[in-house]
Amino acid sequence: MSYFNIIIGSIFVNNIVLAMFLGICPFLGVSSKVSTSVGMGAAVVFVMTLATLVTYLIQTLVLLPLQIGFMQTVVFILVIASLVQMVEIILKKISQPLYQALGIFLPLITTNCAVLGVALLVIKKNMSLADAMVYAVANAIGFTLALVVFAGIREKLALVDIPKPMRGAPIALITAGLLSLAFMGFAGLVK
Amino acid sequence: MSNYIVSLSPHAKGPLTTEKVMWGVVIALMPSFAFSAYYFGIRGIVVTLVATIACILTEFVIQKYLMKTTVTAFDGSAAITGLLLAFNVPSSIPIWEVILGAVFAIAIGKMVFGGLGRNPFNPALLGRAFMLASFPVDMTTWPKPVTTQWLWNMGASVDGTTAATPLGYLKEGVKMGESVTNLVAASPERFDHFNLFIGNVGGCIGEVSAFAILLGGIYMLYRKIITWHIPVFYLGGLALITGIFWAMDPTKYADPLFHLLAGGAMLGAWFMATDMVTSPMTVKGQILFAVCGGLLCGLIRMFGAFPEGCSYSILIMNAFVPLIDKYIKPTRFGKEVNYG
């Protein structure tokens, strides 16, 4: 699997939100403004890469040698949650600007299924560490892309006179579905 | 309309109304309609009429009974959606599927957002994407244009008079590992540029004849309904990307002229990418939108799972329009412009 295939495949073809339907919660929750969605995207790139690295190492260095692979899900959730909290504390101490930029979004990602999903998929697909890291970054970029595009549409829709029963969540869900329908066009772009 | 405050005179009053623009587009679609009637017979006419009527009716019912607002279903925009949807399906499609697609296009693609001018995606293309996802076989079985001429060919998809479109044939062939040179030699009539130009090939109802679409496009340019930027840059983007790959290896990729004339590129570039609601507002934005759409269309055609990427490329670019409009803004009146 070449890096090019992994990158195009995870950003466009199997977009984590629009094709695999993971991370829908922040996708709907943090997409009312483009600027916040960019911040959220940056936080996801950061956390997803870090979490995949750590869980990959735990899987290969701890779970597999001890033959406790069945603990995978539980351990990963715990590791990701505590990792994010730890990163938040460290950031607060050493880099106030970065903390300010990512601050609100970091706790939101703690229980994001997209982060856990990528960590698990990397193991399931038997990727090498380098592949796994590229896969994680590409998926996070794919998430950011979907989020920013969706936020752009929602910003425009906020100015539009939507019929009353459709305002808010209904129109957001319908738009998300239509966006996913549009992204079907990328199917098969890489093998 | 009572929400608007009428300011002091003088008022500029333009002759261009929504109705005039929309019915102008409908007139521009008539050459393609005539060609489709010639190539696909009564069946093609029926599918087109059913889709158009279904779209207008859906809009009428929603406006009259659900939204209880002013009914603007007859301003021509629903008719355009219906016509374009029908032009994007094979003539052998079951009638009920067309109706379903039309209802989806208008209800989900347009009316849930409040109607004309508010939808982020082109409704006709959404209808087509919905139908392609729901009825993939019916949507990709094309009757041969000439054999069904003037026949009510209900069972075109069963009695063996079907034929792959040039793009579908190309995609299947390349998938099998065949070289383009051999494919052209095996079926020269599909790759004949003149056949593609006048529309003597398999395909969706309204997309086959590039000539008829160009006639409509020139009419719209003459009426100043559209500007030349989007069609020219869309087709330019498509020609560029397919041309690059063709120049690299003509045995593996078809030539750019073939890509311009085959499939829905012409219809998409002239009638769907230019949709005023779902294209960027500034000329710079439109150029960016159109070039990216053309590139995407070529990439999907050459490497994607679908033989035809035109409709998806426009849908995907529709999604980017709010961002394009956000970051490429028109120069404010009174601001100094750098002409250097």
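In chain B, ring pairs join B:Phe35, B:Tyr38, B:Tyr39, B:Phe197 and B:Phe211 into a cluster. The model is predicted, and over all its chains the count of aromatic pairs comes to 17. Chain B also meets chain A, with 32 residues of chain B in contact with 28 residues of chain A.

**Interface of chain B and chain A**

- About 2400 Å² is buried between chain B and chain A, and 79% of this area lies on carbon and sulfur atoms.
- One salt bridge is found across the interface; the partners are A:Glu155 and B:Lys326, whose closest N and O atoms are 3.1 Å apart.
- Two residue pairs are in polar contact between chain B and chain A, both at pLDDT 80 or more.
- On the side of chain B that touches chain A, the elements giving two or more residues are α4 (123-134), α14 (283-303) and α15 (310-327) of chain B.
- Helix α15(B) provides the largest share of that side, namely ten residues.
- By class, the side of chain B that touches chain A comprises 28 nonpolar, two polar and two charged residues.

**Aromatic pairs**

- Among the 17 aromatic pairs is the one formed by A:Phe12 and A:Phe186, which is tilted, with 5.0 Å centre to centre and 40° between the planes.
- A:Phe12 belongs to helix α1 (residues 3-13) of chain A, whereas A:Phe186 lies in the segment after α9 (169-183) of chain A; the pair therefore ties together parts that are 174 residues apart in sequence.

- Leaving aside residues up to four places away in sequence, B:Ile80 touches B:Met22, B:Val25, B:Val26 and B:Leu29.
- Of these contacts, B:Val25 is one that stands 55 residues from B:Ile80 in sequence, with a C-alpha to C-alpha distance of 7.2 Å in space.

Technical notes: Residues are numbered from 1 along each chain as its sequence is written. Chains are lettered from A and ligands numbered from 1 in the order in which they are written. This is a predicted model: local features need pLDDT of at least 70, side-chain atom pairs count only at pLDDT 80 or more; totals for chains, interfaces and linings use all residues. Side-chain values use heavy atoms; hydrogens and water are left out. Contact means heavy atoms within 4.5 Å. Buried area is the accessible area (1.4 Å probe) that two parts lose on being put together, summed over both. A salt bridge is a side-chain nitrogen of Lys or Arg within 4 Å of a carboxyl oxygen of Asp or Glu. A polar contact is a pair of N or O atoms within 3.5 Å; within protein, one must be able to donate a hydrogen and the other to accept it, and residues adjacent in sequence count only if both atoms are side-chain atoms. Helices (H or I, at least four residues) and strands (E, at least two) are DSSP runs, numbered from the N terminus. Ala, Val, Leu, Ile, Met, Phe, Trp, Tyr, Cys and Pro count as nonpolar, Asp, Glu, Lys and Arg as charged, and the others, Gly among them, as polar. Rings of Phe, Tyr and Trp (its six-membered ring) pair if their centres lie within 6.5 Å; planes under 30 degrees apart count as stacked, over 60 as edge-to-face and the rest as tilted.
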